[in-house]
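Student: I have a model open and would like to go through some of its packing with you. Can we start with a pair of helices and then move on to the interior?

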Amino acid sequence: ALGFKWLEIVKPPSYLLSVFIPSPARLVAMASTRACFWLLTLALLLPTPCHGNRPALHLELDSPLHDWGSNSFRQASVEELRESVVELQRHVLERQASDAQLNQTAGIMLKSLKMLEEAEKPASSPGGNADPVANLINFAKNMIEGDEIKEIIPDCGEVTTVRGLGYEGLTCPSKCQYLAELSRNEVPGGCHFTCVREEQCGNNDTDIFATIPDKDLNYCRRCNLPGCSKCILADHDVCMAEKCRPGYYWHERNARCKSVGEDAFTITKGVVFVILGFLLVWYTDIRFVRSQPNQQGVEDGLAFREATKLVRPKAEGEEETGELYPLCINLHSTDNSEIGGPGNVLHFNFQLAIILWSGVLAIAWYIFAEATEHELLVLGRMPAVTPAQFCGVLHWGHRLQYRMMWVKVAFIASAYVFTTLGSIIYSAMQLRRFAKMDDVSTMKDYMALVKGLPTRNGSDLGAESESKLLLEEMLGQELVGVSLCWNYTEATEVVEAALEEDLKEAEEAFQIEEQQAVNQQELTLADGGSGGTPIQGVLQAGEGADARSDGPRTSNVDRTWRRGLLRIDELMFNVCGGAPADEAAHGPVRGTEGSERLKEVLKGLQTTDTAFAVFKTEDCRDRAVAASEAVSGFVLSGHPHRITLQTEEVEPESVCFHHFGHPEGRKLYKITIGVLIMLFANLVWGVLFYLPYAYYMAAFTYAHGDEPDVFASTLFSMLVVIGNQLMYFICATVSDSAGFQFIDFNQAFYTVLYTLACMINVLVDLMITGWLAYRQMVTLGVHTGTGELLANLETLHDIIEAFSMQKSLGNQIWLYNFPSSFLVPFIVEPIFAIGLFRHLMIVIVRAHGELSPRQCEQALAIFVPMDLGRYADVLANAFLAVCALFCAPGYFHFTFGALCLCHFYILVYDQYRVLRCVPGFNYSTDFIERTGQGMFGVCGAITLSALVFKSNCMKDGPKQEPGFYCVRDGALFFRLGSIVCV
């Protein structure tokens with residue numbers, strides 16, 4: 001009944017949203033509103049006690065106080081009571097205290113212990129209490145409401161054992177004011193601290209690496225110098241000779257520890273600064289020093305750039321206006337499939353589905369945690385500055401992790417069910433959307449792909465007409481036309497250069513006619529802005545301009561400097577377009593010599609066995625394809641192959657004609673080579689770049705309060721971004737060189753390859769980081785929450801599940817995800833790929849008056865065309881998000897929430913990019929969408945693997961194994977691998 005009541009409440013807000021929110025955000029707003037209301041309904045229906053109804057005192061089940069009788073209470077030892085009081089304070093503080101009152105924890109413990117001593121007296125004694133538990137609870141609450149801040153001050157040499165939270169006030173007296181951790185080799189089984197004098201840090205059975213007395217926090221700490229394991233006692237950190245951590249070596253000249261990759265970083269940084277300095281000089285020269293004779297070329301190029309964008313089709317009876325689509329148009333609707341084709345609509349709905357999926361998981365985990373144990377939201381993220389604080393967090397986290405493991409397992413199981421069922425429902429919805437959009441007849445509905453035709457030479461001028469007659473005779477019906485697919489793979493550059501020359505000649509002829517129409521007396525095609533004979537090269541043009549200058553001759557140094565600056569101009573033209581044809585590579589294509597050269601090239605070409613046949617109606621096409629399938633292809637006398645017809649869901653814009661000459665064997669060979677290159681690049685990146693950084697990060701074990709600073713995190717973000725961009729360019733190059741005949745197949749292969757590359761890259765990085773973190777922790781003697789040394793753990797499952805490793809890996813994955821992968825690349829993309837290149841090409845074109853109109857158009861055309869590679873970006877981020885399920889749960893809601901918000905920004909940015917920043921495109925099939933759905937199955941497999949991994953030996957921890965099941969390394973990881981493969 002309550003659920004139906006909420007359903008009535010949901011409707012009015014959704015209606016208001018549909019009225020007041022513009023259409024591009026309407027679907028997201030309505031869906032998210034309904035999702036939030038339904039989740040709220042679910043939270044109300046769940047048996048969720050509020051904080052005020054929870055018992056104020058909650059102890060471990062194995063605590064001696066689990067029996068609340070006064071007899072067991074009196075019989076408990078003082079040490080056990082101390083730990084129980086700490087637990088009491090933590091729960092009371094969490095529920096009823098403000099942040100400022102957390103400092104009173106130590107004072108509460110001391111006063112409470114005094115009460116416990118009174119409670120041990122018989123109830124009939126004058127100072128006794130018949131109900132010591134209630135008295136203790138009430139006293140703790142009263143202490144929280146006060147303003148007095150107390151501290152724990154043990155005597156010099158007294159050992160204090162930290163076994164949980166509540167030791168923030170642990171300080172030492174003035175005569176021995178430094179708190180030092182005892183060596184774990186000397187006192188195993190927990191975190192033990194004692195108070196020592198300044199000169200005793202690192203001595204007297206204390207941690208031998210904590211030799212620096214921190215005068216601000218009054219504890220003995222380790223070195224803050226990167227790579228140094230032990231420092232000399234001094235006013236500031238001075239590394240002790242030859243005391244370097246793994247991955248560092250002692251540098252005698254600088255008297256410090258140097259990373260094995262520091263020299264490489266120094267050289268790389270120097271090269272980057274030199275390059276940036278040279279680029280700054282180049283920009284200053286071309287923007288402020290050189291003349292700007294080609295403003296007309298800039299205007300013509302920008303006009304061409306605008307003309308290539310997606311424009312609204314004219315209505316019947318209207319003239320062509322070139323009006324752009326409004327930014328608020330709904331690209332998720334099937335009614336707008338003319339904007340980029342059906343594939344674009346499916347692509348935007350895929351992004352929306354990922355946003356809703358991640359948002360639901362973030363909210364669901366928050367509900368799970370609030371319904372069971374609020375502290376799960378901070379498990380793994382609890383800050384710790386001093387070793388005492390971290391030891392308290394370590395013990396608290398270990399107990400909470402095993403006690404509430406069932407909550408995490410239940411959430412992962414629910415996430416897997418939701419992901420699987422949601423994927424099936426989403427797939428059916430997308431199939432229905434595509435079927436609805438495919439009902440509209442387009443050019444692909446009149447086309448059939450013909451295979452098995454006999455090849456013809458380029459000298460045969462009637463090749464296409466003869467092929468048309470042949471097919472009409474076989475099919476018994478008239479065709480509109482036949483377009484043969486020529487094998488010009490080896491002559492691609494010649495053909496494209498010839499086509500560009502045709503366009504340039506047409507532009508020049510148009511300019512001549514335009515100028516003649518306004519009675520211009522003189523036409524300067526050689527050196528006027530936006531017109532003239534195409535130059536042989538930007539560099540030569542610059543030298544020619546210098547030679548024609550009437551001023552004094554420049555020196556050799558100035559000429560060399562000018563040549564270097566012009567080289568950048570030429571490089572930018574080659575990257576963005578507008579560079580003159582390189583006749584040295586493919587021969588001349590202009591004039592009499594070029595015409596003869598083209599004739600020789602064209603006569604030497606041959607057709608492939610493939611052609612596109614265009615029919616008068618869709619019914620004629622279907623009958624012809626059915627006839628071909630009925631006889632398994634037509635037989636041509638004297639021809640060894642059968643001629644077959646088949647439908648192909650592609651539009652003319654998505655056909656790559658220059659790839660039809662690639663044989664299938666060559667395509668498979670290039671794909672194999674490309675995959676090997678991708679794997680090798682991942683390995684090189686991990687070893688040469690990420691491994692040195694990981695060595696540096698390994699100096700921060702997250703086990704003693706020492707964590708990386710802002711510089712290290714920023715450097716990590718840049719490494720992740722650069723690594724992902726490197727994989728992007730490699731995968732894009734491999735996809736382009738594979739020779740796919742249709743862009744949809746090219747984009748689908750790129751999606752699969754890039755997603756796998758990112759997955760491998762993440763796994764390599766995490767394995768390197770995890771191994772180095774484990775090695776460093778073992779070296780420093782880090783222990784688990786049970787007091788056992790991390791080095792004594794025998795199985796990989798137990799090592800990964802150790803809370804110190806969970807905290808370290810969780811933090812590393814979070815840094816890898818946000819902002820490195822979720823946000824930074826998509827902020828950099830519009831700034832550099834769109835805004836920066838547009839500005840630079842305007843400046844360059846304005847400074848080169850010798851450019852032809854066609855070159856200006858090419859230079860200022862859209863630098864990054866539209867593709868559906870965003871599927872790969874979305875899938876890679878979804879994979880990174882589900883990897884967090886293997887680590888501490890405190891990052892769950894942050895990870896999925898960040899994924900949701902960042903991809904909402906990406907969705908808005910892509911809407912703007914499609915409508916304003918890319919040339920026209922048309923993706924007519926759902927092939928890429930189906931590929932993306934299949935790759936998202938990997939995320940479901942990773943979720944299921946996390947469920948198997950976390951539920952392994954979950955009931956009573958690593959020592960007792962009566963849970964669901966308990967298998968060790970070989971069998972466990974075989975199960976995980978099998979799940980992912982299936």
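Student: At what angle do helix H11 and helix H28 pack, and how far apart are their axes?

Tutor: This is a predicted model, and in it helix H11 (residues 405–438) and helix H28 (residues 927–951) pack at an angle of about 165°, with their axes 9 Å apart. Angles over 145 degrees count as roughly antiparallel, and H11 and H28 are therefore roughly antiparallel to each other.

Student: Is the crossing of H11 and H28 left-handed or right-handed?

Tutor: H11 and H28 cross in a left-handed manner. Residues making the contact include Ile412, Tyr416, Thr419 and Tyr426 of H11, together with Phe936, Gly940, Leu944 and Leu947 of H28. By class, the contact of H11 with H28 comprises eleven nonpolar, eight polar and three charged residues.

Student: Switching topic, how many residues are in the largest nonpolar core?

Tutor: The largest nonpolar core has 96 residues, and those with the most contacts inside it are Ile339, Trp357, Leu376, Phe879, Leu885 and Val914. Helix H9 (residues 342–372) supplies the largest share of this core, with twelve residues.

Student: And what does tryptophan 357 touch?

Tutor: Leaving aside residues up to four places away in sequence, tryptophan 357 touches Phe418, Thr419, Ala878, Val882, Phe896, Leu899 and Phe936. There is also a second, separate core of 20 residues, which includes Leu470, Phe615, Cys620 and Leu636.

Student: Last one, serine 337: buried or exposed?

Tutor: Serine 337 lies in the loop between helix H8 (295–307) and H9. Its relative accessible area is 17%, and under 20% counts as buried, so serine 337 is buried. Not counting residues up to four places away in sequence, serine 337 touches Pro342, Val345 and Met437.

Conventions
Residues numbered from 1 in each chain as written. Predicted model: local features only at pLDDT ≥ 70, side-chain atom pairs only at ≥ 80, totals over all residues. Heavy atoms only, no water. Axes fitted to C-alpha atoms, helices over the stretch in contact; angles between N-to-C directions. Helix = DSSP H or I, 4+ residues; strand = E, 2+ residues; numbered from the N terminus. Parallel < 35°, antiparallel > 145°, perpendicular 65-115°, else oblique. Left-handed = near helix turned anticlockwise from the far one by under 90°. Contact = heavy atoms within 4.5 Å. Nonpolar A, V, L, I, M, F, W, Y, C, P; charged D, E, K, R; others polar. Core = buried A, V, L, I, M, F, W, Y, C linked by side-chain atoms within 4.5 Å. Buried < 20%, exposed > 50% of the residue type's maximum accessible area, 1.4 Å probe, protein only.
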